[in-house]
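Open the model in your viewer and keep the selection tool at hand. The tour goes stop by stop.

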Amino acid sequence: DSVTTYFSVRVGSAAEAAVGDNMLFNKLVMLVKPGVYTARLTVIDVVSKRSDNVTIMPFSVPPPDRQRLTVGGPALAYRISYLSDPSKAGNNRMVKGNHLVLYNPLGVFGVTDSVAYLYAELYNLRFDSAAPSKYSLECAIFDNTGMIFRDFGHHSEFKPGRSAVVAQALDIKGWPVGAYSVRLIVSDPAAQTTDTTQIKLQIVSPESIARAIAGATTSDPYDSLSFQDRVNLVAYLLTPLQKQTLNNLTDSGKTLFLNQFWKEHDAHPDTKTTANRTELIRRYQFAIQNFSSDKLTPDGWSTDRGRIYMLYGPWDEKDEISTPRTGNPFVIWYYHKVKGGSYFVFEDQEGYRDFKLVHSNVQGERYDKDWAARIQDEMLDIR
């Protein structure tokens, strides 16, 4: 929700559309503050209107440390090529320094892939042009049990300046299907400093890819929500103590809190999706679409009508009184099965269709004796 980019690719023929294993690359660039972020990729067939999306799980952007050796921007890639003239690169968005980097942000490779590339940037190397020195790199692969699966050893490189680029090819030919972790250790002997980073790498079989494609239509809509949407979604479900706890957590802590909350409140834990959460998402999106201040301000969920809609869902009956005998326009929502029969009265107090809850017969909600009497009186006119 902070920055978006689009690009399109034209398919020339049905035969071209049927070709598999195509790869499309693009890059989204933005400046962000330190924190935890997610990204969402949506692919749309503009002819059939079919679409699917994938969420790149939360990733952390740490605060910069300008005093010590730091490994920045670690990522896996399908290919890294050195460019003697970066200006001649076909897709300039994919150029980092003098390298064309075709990223693999999910770190997922197939069993038919033979090479995975490791990319990283090094900052704050101790550099003296009058006395050239080296930094050292160590790379190892660990399996899902934490044991070393491959050790690529270590080697040294001359420092080109205070920063440098790591572009290392990893031979993954013949690796078994499974989850791995790539560990990179960088040392600067001149400054006696070291930094390390780890990246997840996964090898998948053609069968698992086919299953993922087959199950794409049943993907959980929760995966496509932004981080803030996920926080908003539980606004009316948490106790005051839970709200205080959530507000005091870091973004990564909030993510863990929300995951645990939904795990404990899954009405059908034996299914892939959380049915009650999916319904709440539908209510949340309806509230934003219908009750927001305007199209550029998606605050409909936080309005009085949005809160009641998210808690109770669609009304059973609705009366809209646009020209009452006295006072402002108002709306009444009726829920026949909630607490033996309930209703909520919303009044357009300012004339901008910003309806406020002024009266209800539900315990704990706002009760106004004057409105109660008025409803009884005007009911003859509107029922």
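Start at lysine 339 in this predicted model. Lysine 339 belongs to the hairpin of strand 14 and strand 15, where 6 residues sit between the strands. Its phi is positive, near 55°.

Now select residues 330–335, which are strand 14. Strand 14 pairs with strand 15 in the antiparallel sense, over 6 bridges.

Next, select strand 15, residues 342–348. How many of its residues are buried? The count is 7 of 7, so colour by accessible area with the cut-off at under 20%. Side chains in a regular strand alternate between the two faces of the sheet. Here, Ser342, Phe344, Phe346 and Asp348 point one way. Tyr343, Val345 and Glu347 point the other way.

Aspartate 348 stands opposite phenylalanine 355. Then click glycine 351, in the hairpin of strand 15 and strand 16. This hairpin also has 6 residues between the strands, and glycine 351 has a positive phi near 85°.

Last stop: serine 292, in the loop between helix 6 (275–291) and helix 7 (304–312). Is serine 292 buried or exposed? It is buried, because its relative accessible area is 18%, under the 20% cut-off. Show polar atoms around its side chain. The backbone oxygen of isoleucine 288 lies 2.5 Å from one. The backbone nitrogen of glycine 300 lies 2.8 Å from one. Beyond four places in sequence, serine 292 contacts Ala287, Thr297, Pro298, Asp299 and Gly300.

Conventions. Residues numbered from 1 in each chain as written. Predicted model: local features only at pLDDT ≥ 70, side-chain atom pairs only at ≥ 80, totals over all residues. Heavy atoms only, no water. Buried < 20%, exposed > 50% of the residue type's maximum accessible area, 1.4 Å probe, protein only. Helix = DSSP H or I, 4+ residues; strand = E, 2+ residues; numbered from the N terminus. Pairing = 2+ DSSP bridges. Polar contact = N/O pair within 3.5 Å; in protein donor to acceptor, adjacent residues only side chain to side chain. Contact = heavy atoms within 4.5 Å.
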